[in-house]
Amino acid sequence: MEKKTTLSPGLIVICGATATGKSGVGLELAQKLDGAIISADSRQVYRDFDVGTAKPTVAERQLVPHYLIDVCDSTVTMTLADYQERSLSAIALCHQQGKIPLLVGGTGLYIKSIVKGLKIPRVAPQPELRSQLTTLGQVQCYAFLQQVDPAAAQKIHPNDSFRTLRALEVFYVTGCPISEQQGENIPNYPILQIGLDYSDTEVLRDRIAQRTAQMFAAGWVAEVQSLCEKYGANLPLLNTLGYQEIKQYLGGEISLAAAEELIILHTRQFAKQQRTWFRAYPEIEWYDISQPDLCEQIWLRVQKFRADFNLM
C-alpha cells in the first residue's frame, strides 16, 4: 500500500561547533528546497550585534526567508522560553506555507528546546529575588532547594549555583516545584539532524583563525566601539566571546594583536564545549567538513529523508 504524504514538511537541523560552515550549508539547502532558515544562535537574535555574531548578510537573507535574527533589543534578555515560542511559531508558519524549515546554528540548548519539545517554565529572571538568595550563599540555597523540591535537588550538583537559583526562583514565583513543570513534548513531525564536524583538529583551528581575521577586516572593532558608545561598556552582551576581548583592546588593556589571539583561543575552547554537547545526542548524523563533496552528501541524505517520510 502506498504511504500517504505527510501533512507537515518536517524539520531539518544543521548544527555543530562554531566555524564549521553551518550557515553556508543551511543556505544552500534552503535554496534547493525552497525552504526557510530559522537561526539557532543565541546572539544573532539581538539587533546591532552583527559582525561578531557572523550574521547572514542582507543579501543572503534575501535569498530565502530567515527567522529569529534581529528580533530582540540588545538591552533585553531573550529567554529560552521566548526563543522556543518564537521558533515554534516560525516552524508552524513554514509548514502552513508548505516550506521545509531548517533550524541552523550552534546553540545546543536552543536546538534541544525544539527537537525535544522541552517544557520550560515561563518565569522571567527575578534580579531582586536572586540577589537576596545569593547573599545567603550556595550551601543555604541548596538546602532550601532540598526542602521545597527534592526531585530537582537530586539532579542539580550542590555547587551549581546557577541552576539552584533558577529552581528556587521558579518555585517562589509560581509556588510549584520546577521538577513538576519540566519534561518533554516531542514534535509530531519528522526531524533530520545533521551535524558538521571535522576529523582533523587543525582544520577547525585554521577556519577559526581565518574567520576571526575576516571579522576584523569587516569592521568588528568599529562595531564594538559603536556598541560601547550606544549602550555603555557594561552591557552584558559586550562581555561575550569576541566582544569582551575587543573591549579590552579599546580600553587600552591589551594590544589589537593580543585581542585577536585571545579571541582565537577562546573560540577554540568554545568549539570544544559545543562538540562535547552535540556528541551526547546519538540522533545527530555527522558529516566531515573537510570532504570535498560535503554538500552533495548532505543533499542526498535530505532527499532520502523526504522520501522515507513522503514529505511535501
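Predicted model: local features only at pLDDT ≥ 70, side-chain atom pairs only at ≥ 80, totals over all residues.
Residues are numbered from 1 along each chain as its sequence is written. Local features need pLDDT of at least 70 and side-chain atom pairs count only at pLDDT 80 or more, while totals for chains, interfaces and linings use all residues; side-chain values use heavy atoms, with hydrogens and water left out.

**View 1. Meet helix α3, residues 80-96.** Helices (H or I, at least four residues) and strands (E, at least two) are DSSP runs, numbered from the N terminus. α3 has 17 residues and spans 24 Å from its first C-alpha to its last, close to the expected 24 Å (1.5 Å times one less than the number of residues). Tucked away as buried (under 20% relative accessible area with a 1.4 Å probe, protein chains only) are A81, Y83, Q84, S87, A90, I91, C94 and H95. Spot the spacing: an α-helix has 3.6 residues a turn, so residues three or four places apart point the same way. Just past the end of α3, look for G98, with its positive phi of about 75 degrees.

View 2. β1 and β4 share three bridges, and L102 in β4 is the bridge partner of I12.

**View 3. Inside the largest nonpolar core, with its 40 residues.** Such a core is a set of buried Ala, Val, Leu, Ile, Met, Phe, Trp, Tyr and Cys residues joined through side-chain atoms within 4.5 Å. Those with the most contacts inside this one are I38, Y83, L103, I111, W220 and L238. Helix α10 (220-231) gives the most, with five residues.

**View 4. R301 and its partners.** R301 lies in helix α13 (residues 294-308). Its side chain joins that of E285 through a 2.7 Å polar contact (a pair of N or O atoms within 3.5 Å; within protein, one must be able to donate a hydrogen and the other to accept it, and residues adjacent in sequence count only if both atoms are side-chain atoms). Leaving aside neighbours within four places in sequence, R301 also touches L192 and Y287.

Note on methods: Buried < 20%, exposed > 50% of the residue type's maximum accessible area, 1.4 Å probe, protein only. Pairing = 2+ DSSP bridges. Contact = heavy atoms within 4.5 Å.
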